Amino acid sequence: MERLKKELEEWLLQQFPGAEVSLEPVRRDIKISGILAWKGFDGQEPIDRQLILRRKLREHFRQEDQRRISIIITLSPAEYAAHREPQLA
Amino acid sequence: MPRKGKQEDIAETYRAVAVEHSALATDLHDGGRYVMAHYLAGLAVECMFRAYRYRIDPVFDARHSLDALYAAADFAAVLSTAEEETVTVALTEVVRRWSSIHRFRSERALREYLRQTNLGRTGKFVRESSRLIVNAAIVIGDQGELHWKD
């Protein structure tokens, strides 16, 4: 899992220059989920962002690894900044 | 095992609250109450994730971060690959439009929040944002309901 997490993180940073990436294990370390914040997503709808990401993932990763990549939330930098605002209890 | 029963009862309560909040968010949107429609839509998603999480771990998780709660709830475990892709798009829509702080925002403050995050600038974008977040919350809630007995 650690190998895939590292590979995915490095690959995302290469494919989406200047992006911020935050990944974490889910399903008791079976899968990886996270957030990809990239300026190119600004003004794009979530479905279009996912289509770009999923196409790239399909081109690079083996099917076995693709199945281990769960949700990756795609945000613009402004959306990510708002998301990281302190949330009140 | 009484403790197990209580744990299931509380999880069931979270699920029921998620369903109620989702319906109320729709009513609020239809009634033009867009700030609370935003807030309750996100809260409905939070409650559904808390319902799933509580079945795994009854220790309260104080975070309001929906992506973190999604992971903690192991929600991915009940979804097929196609469902997971649908939920990803819906959760992205909710995450980018929601904050627990919305409950303290006026409509003017929400308008400014959406402007600052480049989610609207002209026209009736607060209403459109409300429509999008409520619909996305319904998509996630439907998946939660569909797989609750799995």
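Which residues touch the most other members of the largest nonpolar core?

Modeller: Bear in mind that this is a predicted model, where local features need pLDDT of at least 70, side-chain atom pairs count only at pLDDT 80 or more, and totals for chains, interfaces and linings use all residues. Residues are numbered from 1 along each chain as its sequence is written, with chains lettered from A and ligands numbered from 1 in the order in which they are written.

Now, the core: B:Ala41, B:Ala44, B:Leu91, B:Val94 and B:Ala137 touch the most other members, out of 62 residues. A nonpolar core here is a set of buried Ala, Val, Leu, Ile, Met, Phe, Trp, Tyr and Cys residues joined through C-beta atoms within 7 Å; buried means 20 or more other C-beta atoms within 10 Å of a residue's own, with C-beta atoms placed from the backbone. The top contributor to this core is helix α2 (residues 34–56) of chain B, with 16 residues. Helices are DSSP runs (H or I, at least four residues), strands likewise (E, at least two), numbered from the N terminus.

Zoom in on B:Ala41: leaving out residues up to four places away in sequence, its contacts are B:Ala25, B:Val94, B:Trp98, B:Ile133, B:Val134 and B:Ala137. Contact means C-beta atoms, placed from the backbone, within 7 Å.

The C-alpha trace of chain B spans about 55 × 30 × 25 Å along its principal axes.

Definitions and conventions
Buried ≥ 20, exposed ≤ 12 C-beta atoms within 10 Å, placed from the backbone. Contact = placed C-beta atoms within 7 Å.
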